[in-house]
Amino acid sequence: MMKMMMDEEEEHVGMRVTCDGHRGTVRYMGPVPPTTGVWLGVEWDHPERGKHDGSHEGVRFFTCRHRTGGSFVRPAKARFGVGYVTALKRRYEEELEEPAGEDMKISSKTVLMVGFERVRLKQRVDQLTEVSLRRCEVSGPGPQNQIRNTTPDVESLDLSGSLLSSWEVLAAITGQLESLRELQISHNRLSFSSDPSLLSPAFSCLRLLSLNSCALTWTQVLQCAPMWQQVEELYLSDNDITELTRPDHVLQNLRVLDLSNNQILQETLLHISHLPWLEKLNLSSTGFSAVEFSDASAGDETTAFPALNTLLLDDNNISEWCVVNELEKLRSLLHLSCRRNPLLQKEKNPETARQIIIARLGRLTLLDMRKVECDERRGAELDYCKMFGSAWLRAGGHSEPEQNQPNTHFLTDHPRFLTLIHKSMIVQKVKGLLHRQLKLPAVRLKLSYTCAKLAGREIEIDNDLKPLQFYSVEDGDSILVRWS
């Protein structure tokens, strides 16, 4: 009898429970003197729910990450969850009268599911391709092969806020869903496998994985990463990630990485800069304030983040324009969001700050979720030249190209300024410069240009009194010179 009681106690330790709407992990099961009966020692996901650190009257029964993260509850007050199919039937077959419409977090975005259940209830359960069991207290797979036989075609599964205790338990569910490509398991606390690679067949088709608010460190993410070698979108918002290290041999297929709401040591950011296919990086609310790509001088391109075209830096501590200058070194950067940073408060008018960012980042096509139109860029760059024109002249700048030699300090602060000056030159002056450079004083020059955006098309530059910007000539375009 004693052995059976001990086995039962050991079996419950590590299990996930919910009590009065709060989720936690069982760290102890047994007596708590001087009281009688059995207690559960629970470490709560949110420490404000607890009362102590696992100690009672000087005796330690279990340990917690936070000093107020634990408390004791009677087993009768705790729920240990249900199997996948039981939760599925409750959600899709029994709750016919549940009102339509609820908030749901998909990846890193919150959307409204209008009539989600009603639409799906019209279908047979075994035809479902998308299943949401968010906060449905799923704790395990249930009977063998039951999931495979019940929902064989599921491609997207949401188990956020469940009672799953480990990656092994989760793999027992996903291993029966051979078409699974998207998995939401945010707001869970999963214990780690001693050999994660053994579980990789259960996640072999996975392309999107959301692990927001799972109390993970970066080391733990890398420890788990061998399980999901094909993942392309990884959402890790609001975890315990503070320091990044190089992800060797894992996460190499990532195209989207969300690290928002983690206080990350910014000097470790470059450890993920070699990821070859990373296109979108979310660093909002990470404490980001500076970055330096030391492999490239002002005006040159860095080898870091070679495919990065979208960067989110909202709600950070950026206060210097030199940070924006560094971002110009990113060869693929097209979309930037940097709202609610101290830098933007330096200008009285928020639109002025926007114009300066546009002028400093020559390839930008979307800023703070607003498209950068050609006319806006043209005006921003002209205004930038006017705004800093006097400083350019004081630094040694000159309207004649042969005498234009601004000092290093100015070029470091304004690495695109010379490019913008050349773009603002009227066509007549450009032709005069070409006459001198090509030593063709008695010929008639004809200019045109080609750009990647209009492949195969050549645009004539036919008005000598217009600036080059009038024709929307941009960095990387080719100006063709013909003479007769």
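Predicted model: local features only at pLDDT ≥ 70, side-chain atom pairs only at ≥ 80, totals over all residues.
In which sense do strand 18 (residues 310-312) and strand 19 (residues 335-337) pair, and over how many bridges?

**View A. Strand 18 beside strand 19.** Strand 18 and strand 19 run in the parallel sense and are paired over three bridges. Within this pair, L312 has S337 of strand 19 as its bridge partner. Strands of a sheet are held together by backbone hydrogen bonds, in either a parallel or an antiparallel arrangement.

View C. Four strands in the order 1-2-3-6 make up an open sheet with antiparallel pairing. Its edges are strand 1 (16-19) and strand 6 (70-73), and because each has a single partner strand, one side of each is left without a neighbour in the sheet. On average, neighbouring strands here are turned by 45 degrees against each other, direction ignored. Strand 3 (residues 39-44) pairs with strand 6 in the antiparallel sense over four bridges, and G41 lies opposite F72 of strand 6.

**View D. The largest nonpolar core.** This core holds 95 residues, of which Y84, W167, F203, W228, L234, L259 and L281 touch the most other members. At least two core residues come from each of helix 2 (84-94), helix 5 (167-174), helix 6 (218-224), helix 7 (321-327), helix 8 (350-360), helix 9 (374-387) and helix 12 (417-424).

**View E. Surroundings of L281.** Leaving aside residues up to four places away in sequence, L281 is in contact with L257, L259, L269, I272, F305, L308, T310, L311 and L312. L259 and L281 are both among the core residues that touch the most other members.

**View F. Helix 9 crossing helix 12.** The two helix axes come within 10 Å and cross at roughly 110 degrees. That angle makes helix 9 roughly perpendicular to helix 12. The crossing is left-handed. Helix 9 contributes E381, L382, Y384 and C385 to the contact, and helix 12 contributes F417, L420, I421, K423 and S424.

View G. Apart from residues up to four places away in sequence, R377 touches I358, L361, G362, R363, L364, V372 and R416. L361, one of these contacts, is 16 residues from R377 in sequence, with a C-alpha to C-alpha distance of 10.0 Å.

**View H. The whole chain, for orientation.** The protein chain contains 13 helices and 24 strands. Of its 484 residues, 47% are buried. Among contacts with a separation of 6 or more, 65% join residues 24 or more positions apart.

How values were computed: Residues numbered from 1 in each chain as written. Heavy atoms only, no water. Core = buried A, V, L, I, M, F, W, Y, C linked by side-chain atoms within 4.5 Å. Buried < 20%, exposed > 50% of the residue type's maximum accessible area, 1.4 Å probe, protein only. Contact = heavy atoms within 4.5 Å. Pairing = 2+ DSSP bridges. Axes fitted to C-alpha atoms, helices over the stretch in contact; angles between N-to-C directions. Parallel < 35°, antiparallel > 145°, perpendicular 65-115°, else oblique. Left-handed = near helix turned anticlockwise from the far one by under 90°.
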